Amino acid sequence: MAEVNDIDLKEILDFGVNLSRTVGSVILKAFKQPKKIQLKETCADLVTETDQLVEHMIIKAIKDTYPTHKFIGEESVAAGLKCNLTDEPTWIVDPIDGTTNFVHRYPYVAVCLGFCMNKTVKVGIVYNVPNDEMFTAIRGLGAFCNGKQLQVSDETDLAKSLLMAEFGSKRDPETIEKVLKNITSVLTNPVHAIHNMGSAALNICAVASAQAEAYYEYGIHCWDYCAASIILEEAGGVIIDTEGGPMDLMARRLVAACNTSIAQSLSRKLITIEYPRD
Ligand code: LIP
């Protein structure tokens, strides 16, 4: 029985899957429609009214069903709410991971619901809406996509790997120079290729699904990778900090991989791009 501190994690998962399907239908309806776009931190950091509406629906459902639970949501934090993870049962929510994809109708757009207790991710749901792919995991009980169990790639050589990477939304010359240094360092490792899906969560789920061997990014937020992190770990993969230590949910950076050897080889190739913590 998946229970922690008398919280039934299977019930949490079922609630999260149903909720992500409900809000997913709102996203799908808006997917092809014209969108009202606002800019957040930079000219490439977009938000739409659908992001805000979906997060409002998610938070209301959590408050109605689990009134004592806490939440951290991308758009609530953008509106000024503190991003403060405590030991309390906490939902970490990204209503639309891949907002730029959503704006441009590129079909990689995910609802991300991570459920944490004592600052540890216990349940993850990543719903790729346009492709109807429901990625789920409960700590200790495996990872699944539409009910099919996931297992990472058994490749151990970075040079024989497909890498996912994202380049973030900062456009200042200093950051761009470091981003390009990392791309050069990895391409000359060499690797088979560097691809990206425009969604941190779906890049991580690609590694969990043995469709890629590793992924790295600097500048993402806890809501981008909380839910997907447990899906990858339950599929047999690893997520570490870019400096090589354990994953830090608030550090805004990560290396995700099918095994520790590839994760550590990749982290040694990277120079740090500094971002303020969440
Ligand atoms: C996105 C991440 C992506 C990153 C983008 C953006 P959002 O999240 O999933 O990995 O490169 O800059 O942060 O904003 O679409 O939820």
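## Ground rules

Because the model is predicted, local features need pLDDT of at least 70 and side-chain atom pairs count only at pLDDT 80 or more, while totals for chains, interfaces and linings use all residues. Residues are numbered from 1 along each chain as its sequence is written, and side-chain values use heavy atoms, leaving out hydrogens and water.

Let's start with the overall layout.

## Where the domains meet

At the interface, 41 residues of domain 1 are in contact with 26 residues of domain 2, where contact means heavy atoms within 4.5 Å. The buried area is about 2,400 Å², and carbon and sulfur atoms give 71% of this. Buried area is the accessible area (1.4 Å probe) that two parts lose on being put together, summed over both.

What holds for charged pairs here? The rule finds one salt bridge across the interface, a salt bridge being a side-chain nitrogen of Lys or Arg within 4 Å of a carboxyl oxygen of Asp or Glu. Glu233 also forms a salt bridge with Arg139, with the closest N and O atoms 3.0 Å apart.

## The domain 1 side

Several elements give two or more residues to the side of domain 1 that touches domain 2, including strand E6 (90-97), strand E7 (110-117) and strand E8 (120-128). Helices (H or I, at least four residues) and strands (E, at least two) are DSSP runs, numbered from the N terminus. E8 gives the most, with seven residues.

By type, this side of domain 1 has 24 nonpolar, ten polar and seven charged residues. Here Ala, Val, Leu, Ile, Met, Phe, Trp, Tyr, Cys and Pro count as nonpolar, Asp, Glu, Lys and Arg as charged, and the others, Gly among them, as polar.

## Aromatic pairs

The whole structure holds six aromatic pairs: rings of Phe, Tyr and Trp (its six-membered ring) with centres within 6.5 Å, called stacked with planes under 30 degrees apart, edge-to-face over 60 and tilted for the rest. One of them joins Phe15 and Tyr66 edge-to-face, at 5.1 Å centre to centre and 90° between the planes. Phe15 sits in helix H1 (residues 9-31), and Tyr66, 51 residues apart, is in the loop between helix H2 (49-65) and E5.

## Backbone details

A cis peptide bond with omega of about 5° joins Asn189 and Pro190. Pro190 is in the loop between helix H5 (173-187) and strand E13 (193-195).
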